[in-house]
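Biologist: I would like to learn how to read this model. Where do we begin?

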Amino acid sequence: IYSDKKIVDPLLLYSKKYPYAVITMDSAFYYYELTDIIPNKVYLATPSKYRTIKNDKIVQIFTNKNILDVGKTIVKINNQNVYMYDKERLLVELIRKRKQMSFDYYKEIIANYRDIIDDLDMQKIENYLSLFKNDLKLSEALQREVF
C-alpha cells in the first residue's frame, strides 16, 4: 500500500489492507465520539474462518460470517470510504462484550449512548439482538443499562 502522506490514519491503512474487515469496538467508539480514549490498536471484525492477522497493532475479532455484514456501513475518513459498524450494532457489541472491558470504560460509553438514544434506530437494535443466541439476556441488559 502506497501513500503520498508521511503519516496515514491507521483506520484507513488497515481498511485498505484488509478490505473484508469491518472496523468495530474501541476504534469505532472513538470515531463516533462515544469515548475520548484514543485506542492504541485498530479493532477489526473478520470472518471467523479467516486467517489470523499477525500485526500487534490490530485486535482481530472473529465473527460468524452470517452476521459479519450486519450493521456494516460506509463512513468517510479523510475523504476515504471505510467499513465500520453503525452505532446500533456497536451498542449490541458493547452489551455482548461488557465483561471483557474495564468497568469505567464501559460506563463512559453507556453514558454517551444514553445521551444519543433518541437518535438511534430501535428497530435495528431489536433486529441485531435477535441474531444472537442469548438475545433475551442481551435485551434485558440493554434495557437495564441504557433505557
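Modeller: Begin with pairing: two strands pair if DSSP finds at least two bridges between them. Strands (E, at least two residues) and helices (H or I, at least four residues) are DSSP runs, numbered from the N terminus. Here, the bridge partner of valine 75 is valine 82 in β5.

Biologist: What kind of model is this, and how are residues numbered?

Modeller: It is a predicted model: local features need pLDDT of at least 70, side-chain atom pairs count only at pLDDT 80 or more, and totals for chains, interfaces and linings use all residues. Residues are numbered from 1 along each chain as its sequence is written, and side-chain values use heavy atoms, with hydrogens and water left out.

Biologist: In which sense do β4 and β5 run, and how many bridges join them?

Modeller: Strand β4 (residues 72-77) and strand β5 (residues 80-85) run antiparallel, joined by six bridges. Their hairpin has two residues between the strands. Asparagine 78 takes a positive phi there, near 50°.

Biologist: Which strands pair with β2?

Modeller: Strand β1 (residues 22-23) is antiparallel to β2, with two bridges. Valine 22 stands opposite alanine 45. Strand β3 (residues 58-63) pairs with β2 in the parallel sense, over six bridges. Alanine 45 has isoleucine 61 as its bridge partner in β3.

Biologist: How do side chains sit along a strand?

Modeller: In a regular strand they alternate between the two faces of the sheet.

Biologist: Is β2 largely enclosed or open?

Modeller: Buried means under 20% relative accessible area, exposed over 50%, and partly exposed in between (1.4 Å probe, protein chains only). Six of the six residues of β2 (residues 42-47) are buried, so the rest of the structure largely encloses this strand. Across the protein chain, buried residues make up 44% of the 147 residues.

Biologist: What is the order of elements?

Modeller: The protein chain has seven helices and five strands. From the N terminus they run α-β-α-β-β-α-β-β-α-α-α-α.

Biologist: What does the radius of gyration say about the chain?

Modeller: The radius is taken over C-alpha atoms, and the globule rule is 2.2 Å times the number of residues to the power 0.38. A compact globule of 147 residues would have a radius near 15 Å; the protein chain has 15 Å, so the two agree. Its C-alpha trace spans about 45 × 30 × 25 Å along the principal axes.

Biologist: How far apart in sequence are the contacting residues?

Modeller: Contact means heavy atoms within 4.5 Å. Among contacts between residues at least 6 apart in sequence, 54% join residues at least 24 apart.
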